[in-house]
Amino acid sequence: MEGLLKQIVKNTSPKDSYLITLSGKGSRINHLFDPKIVPSEPGGALRIAFTSLETWYSWPNVDSSNNKFWVKKSGQSEEVCLTIDTGTYGFIALNDEIQRLLKENDLDKAVKFKGNLSTLKTIMTLEPGCSVNFKKENTLRKIFGFDAKRYVATTKTRRFVSQQKANITPVNTVLVHCSCIGGCSYVNGRLSSVIHTFTPNTEPGCQVIESSNKYLYQPTANDFIRDIDCWLTDQNFRPLDLQNEDFTIRFHVESV
């Protein structure tokens, strides 16, 4: 009975806890603690939970790997290459930027893109005598869902529907990684460093504010915390490019 009472006292006694806030630029932050964080009692352990983060929906869906657009108009001898600036574009914003570049290059309204919300495919309309070449490298074709080939409108306006669904937003889920967790997180059946996942509920260019309504604690890898390394990836573990925007994240640590 005495041992049970001691255990009850131990379980109900206040435990040391810590709120850890990390801030920096970009999608990876690390920090060294001096002194290190240790359990409140000898032989004790620590556990950690994600609490919140703030950053900006700034990871680009258009960059040097997919920002080229080759177009030709009747009477021109060569195709013109339009280059979209690296950025985070919605469907309408991307089409607007294409129209601006077309106008700058005397190709006004040569081609237009429109999304079909029912099929999630892209409709491309070419004016007579115009062509778009998606056979080239690093084009916008994967974003719009088109196959790698040349599309031509000869004597009349032509409408093309993409063969695949548009992939405007390649980041479906953001994975929050933490180096401190002790092997209790699995992604697709494999051990991982993921402590939290979420889907942004804002539009590109807006602030992302994510918080946990209920702290889900995980044991730490060691019985002390000397340093923390945390980073963000997409669902395929590709690092998010926050384009050097601010990133703040918080964890709660307590003794057990």
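The buried residues of helix H2 pack against strand E4 (68–72), strand E5 (80–83), strand E6 (111–116), strand E7 (121–126) and helix H3 (141–144). Here, helices (H or I, at least four residues) and strands (E, at least two) are DSSP runs, numbered from the N terminus. The model is predicted: local features need pLDDT of at least 70, side-chain atom pairs count only at pLDDT 80 or more, and totals for chains, interfaces and linings use all residues. Residues are numbered from 1 along each chain as its sequence is written, and side-chain values use heavy atoms, with hydrogens and water left out.

**Helix H2**
- Helix H2 covers residues 91–104 and reaches 20 Å from its first C-alpha to its last, close to the expected 20 Å (1.5 Å times one less than its number of residues).
- Its buried residues (under 20% relative accessible area, 1.4 Å probe, protein chains only) are Phe91, Leu94, Asn95, Glu97, Ile98, Gln99, Leu101 and Leu102.
- Just after H2, aspartate 106 takes a positive phi of about 60 degrees.

**Lysine 142**
- Lysine 142 lies in helix H3 and is exposed, with a relative accessible area of 61% (exposed means over 50%).

**Nonpolar cores**
- A nonpolar core is a set of buried Ala, Val, Leu, Ile, Met, Phe, Trp, Tyr and Cys residues joined through side-chain atoms within 4.5 Å.
- The largest nonpolar core has 30 residues, of which Ile48, Leu53, Ile228, Ile249 and Phe251 touch the most other members.
- Elements giving two or more residues to this core include strand E1 (17–25) and strand E18 (246–255).
- Apart from this core lies another, of 28 residues, among them Leu107 and Phe160.

How values were computed. Contact means heavy atoms within 4.5 Å.
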